[in-house]
Amino acid sequence: MAKGNTPSTFLFQPRVSVLAVALIASGAHAAEERAAQDTATLPEVKVSSERETADSYTVKRASSEKFTAPLLDTPKSVTVLTEALIRDQGATTFEQALRTVPGVTFGAGEGGTPMNDRPFIRGYDSSSSTFVDGLRDLGSQSREIFNIETIEVLKGPSGAFDGRGSGGGSINIVSKTPKAENFVRGSVGLGTDQYKRGSLDVNYLLTDDVAVRINAMAHDADVPGRDAVDTKRWGFAPSIIFGLNTPTSLTLSYYKLKTDDMPDYGLPLTAASQGPIRRPVSGVSKDNFYGIKDRDFRETEIDAGTAVIKHAFSETASFRNVTRYAVSKNDYVVTNPDDSQGNVANGTVWRSSKSRNSKTESFGNLSEFSFKFETAAIKHSLNTGFEYSYEDTTNTPYLVTAASSTRICNATLLNNYTCTSLYNPNPSDPWLGTVVKGPTTTETRTQSKSFYVFDSAEIAQNWIVNLGLRRDIYSTDSDAYNSSTRVRTKLDSGAAFWNYQAGLVYKIQPNASVYIAHGTSSTPSGTSNGDGTENLSAANMNLDPERVKNNEIGLKWDVLSNLSLTTAIFHTKKDNARVTLADGTTLALDGEQKVKGFEIGFAGAVTPSWQVFGGYTHLDSELVGNGPRAVDRANNGNEFPGIAKKSATLWTTYNVTNKWTVGGGANYMDEVYANVANTIVLPSYTRFDAMSSYKIDKNLSLQLNVLNLTDKRYIDKSFTTHFATVAAGRSAMLQLLFNY
């Protein structure tokens with residue numbers, strides 16, 4: 001079965017702290033003058049806030065009503081990526097956009113862990129803690145940016161905000177919705193490596209109270225520096241709002257994304273027998289692709305429909321309901337350049353295969369009320385609500401049979417292409433085996449019921465108490481059936497748990513605050529519903545949820561005209577981590593893990609012509625207790641896998657003239673361990689990007705982006721013992737942007 005060749009239809013084929021101190025000093029005097037004008041300029045501030053999302057690098061409030069105060073007065077680390085920032089950097093995927101957030105790394109999927117977006121925040125996997133417009137977005141997938149307004153990254157345990165999971169934080173994607181204006185925006189782009197991309201964003205007022213918006217995208221490109229690897233996708237996202245300027249509104253939206261890619265597991269690691277520290281094999285070209293074009297494929301498809309009802313009872317009381325039904329499919333066969341049998345040391349690679357054919361159906365409903373009121377001279381901003389979600393994932397992996405079942409490469413296996421050369425693989429080798437539907441189908445179902453309340457209370461002048469409490473009632477079960485053996489395996493688990501967020505904010509002045517906060521999260525068994533890393537098993541089904549607790553102290557300061565500075569010191573601890581007992585099969589909640597660190601961030605305008613975004617994160621992680629077995633105790637004191645001790649990003653643009661803008665940035669990532677034994681190491685790297693844009697007239701502009709300017713061939717992620725993926729090489733793309 002050469003599904004990878006099936007035609008597809010497309011529309012077309014660390015000196016940051018010094019900077020912070022200087023900016024704070026320059027803005028402190030102006031802050032007092034602005035504070036005196038706050039009341040008089042309130043309408044202008046509101047208009048500016050709406051424009052910030054589209055035109056600058058800062059926002060003042062998170063999208064969720066659970067954030068009952070502006071970000072300046074919220075005792076939690078939150079990084080927001082705006083549409084303007086994503087556009088200027090030339091990002092086209094969710095993963096590319098998030099690379100600018102320090103403290104965020106990415107992991108790879110393999111077999112039981114599917115290929116998908118797999119971000120780590122402060123060392124914890126957050127792939128199952130990704131949300132769209134406040135509702136959990138399960139279903140393994142690789143997301144696009146064409147319908148994204150902003151991306152909000154919550155750092156630190158976020159169980160009170162999001163429910164299950166969220167040990168290191170969570171990510172909320174804010175979708176584009178109809179606006180009270182008419183416009184036609186978009187882009188047409190061409191570039192190196194066969195890059196072709198077009199996007200369209202149209203908003204039209206049908207009446208004073210009814211508006212429609214349509215976003216669409218088509219993308220076709222090779223992956224720079226990776227032989228035979230390409231990406232193709234298209235997306236369509238229409239929406240309509242009724243009651244735009246009335247107390248009651250209804251927004252209906254639909255989202256469609258379809259992809260057809262050549263999947264890539266990168267390079268093999270050195271064999272375990274070659275030394276205690278394993279790295280990607282040296283002397284091997286970073287261009288090498290070990291897959292088989294005649295066999296490998298990856299197709300994904302996402303369909304989601306959403307309805308949002310809002311009603312304002314008064315200026316101080318409102319109601320919102322969000323309902324979504326979504327179907328996500330992830331279908332692939334991919335080559336794993338296997339290193340498990342000593343082949344790599346002999347200059348060969350066995351072309352192992354991994355596969356998935358999954359479908360996730362999900363339903364979510366959120367109903368919430370927001371109030372502003374006073375009690376005993378204390379001003380309250382309160383939000384309370386109820387959430388219900390149901391997810392159903394079915395997975396039937398393929399049965400991939402090679403010409404030979406042995407894993408040790410020899411002349412016969414090289415001749416029938418089951419193995420290939422480590423140094424000179426040929427992706428065009430024929431596939432002589434078979435690919436059929438596998439005999440085992442696993443269906444996993446998860447149901448959650450939650451209620452929550454958040455309150456920001458001004459208890460005295462300059463003092464704000466921020467509290468959040470959430471109760472989750474969670475259940476999950478799985479049913480695996482093998483049609484060949486007729487063996488059925490059923491598992492189930494359930495838990496009820498509380499999470500909370502508590503913080504105290506002191507307003508140094510109207511544009512600056514310091515805070516202290518404590519937050520928790522809970523991760524029950526089977527959190528990822530069979531479609532991620534946290535799956536249900538016989539070993540974990542009877543365990544209570546793992547608990548993560550976080551203490552944090554931070555400072556937030558808005559300086560100059562529109563520049564936000566943040567810093568935080570935090571300590572995160574899990575003292576009931578799952579470990580394996582001496583019998584080798586039983587799990588218990590006896591482990592301990594901790595992460596402590598600090599971060600600084602900046603986003604916004606230094607001057608009207610100069611914008612900046614970036615930050616620095618330092619993380620000290622420790623696997624304190626890994627269990628009683630000698631093999632696990634040997635890892636005590638090691639660092640978390642998937643975490644970089646130091647990471648920093650900087651992106652800046654400057655308007656040289658009214659028509660000409662230049663920009664660029666750098667990303668630094670410290671070395672990352674890929675396993676708990678800390679024997680697989682991904683080297684540190686620094687990459688640079690650049691952009692330049694020119695306004696032809698008020699409606700048209702040209703934008704040139706050069707990504708990975710120095711063609712740094714670095715490793716960006718790995719999966720435990722087998723392989724490491726190679727980041728794309730240098731590429732350039734020129735876009736014509738239009739805005740009418």
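H571 has K596 of β28 as its bridge partner. The two strands concerned, β27 and β28, pair in the antiparallel sense over 17 bridges, where pairing requires that DSSP finds at least two bridges between two strands. Strands are DSSP runs of E with at least two residues, helices are runs of H or I with at least four, and both are numbered from the N terminus. Between β27 and β28 lie 6 residues that complete a hairpin, and in this turn G584 has a positive phi of about 85 degrees. On its other pairing, β28 runs antiparallel to β29 and is joined to it by 15 bridges, with G604 standing opposite V612 in β29.

The model is predicted, so local features need pLDDT of at least 70 and side-chain atom pairs count only at pLDDT 80 or more, whereas totals for chains, interfaces and linings use all residues. Residues are numbered from 1 along each chain as its sequence is written, and side-chain values use heavy atoms, with hydrogens and water left out.

Rolling a probe the size of a water molecule over the atoms shows where empty space is left. A cavity is a set of points, on a 1 Å grid over the protein atoms alone, where a 1.4 Å probe fits but cannot get out, and its lining residues have an atom within 4 Å of a point. A volume is the space filled by probe spheres set on the points, which are joined across faces, edges and corners. In the table, Ala, Val, Leu, Ile, Met, Phe, Trp, Tyr, Cys and Pro count as nonpolar, Asp, Glu, Lys and Arg as charged, and the others, Gly among them, as polar.

| Cavity | Volume | Lining by class |
|---|---|---|
| Largest cavity | About 450 Å³ | 16 nonpolar, 11 polar and 6 charged residues |
| Second largest cavity | About 210 Å³ | 5 nonpolar, 7 polar and 8 charged residues |

Which strands supply at least two residues each to the lining of the largest cavity? They are β1 (77-82), β26 (546-559), β27 (562-580), β28 (587-607) and β29 (610-625). The lining of the largest cavity has 33 residues, and V78, T79, V80, S564 and T566 lie nearest its centre.

About 210 Å³ of space lies in the second largest cavity. Its lining consists of 20 residues, with L135, R136, E387, S389 and E391 closest to its centre. Strand β18 gives the most to the lining of the second largest cavity, namely 5 residues.

E391 also takes part in a salt bridge with R164 (2.9 Å, N to O), a salt bridge being a side-chain nitrogen of Lys or Arg within 4 Å of a carboxyl oxygen of Asp or Glu. Because E391 lies in strand β18 and R164 in the loop between α5 (159-162) and β8 (169-175), the pair ties together parts that are 227 residues apart in sequence. Both E391 and R164 are buried, a word that means under 20% relative accessible area with a 1.4 Å probe and protein chains only, while exposed means over 50% and partly exposed lies in between.

The whole structure holds 42 salt bridges. One of them joins the side chains of E144 and R197 (2.7 Å, N to O). This pair links distant parts of the chain, 53 residues apart, with E144 in the loop between β6 and β7 (148-155) and R197 in strand β10 (residues 195-205). E144 counts as buried because its relative accessibility is 3%, and R197 is buried at 6%.

Terms used: On a 1 Å grid over the protein atoms alone, a cavity is a set of points where a 1.4 Å probe fits but cannot get out, and a pocket is an open set with protein on both sides within 12 Å along at least five of seven lines; lining residues have an atom within 4 Å of a point.
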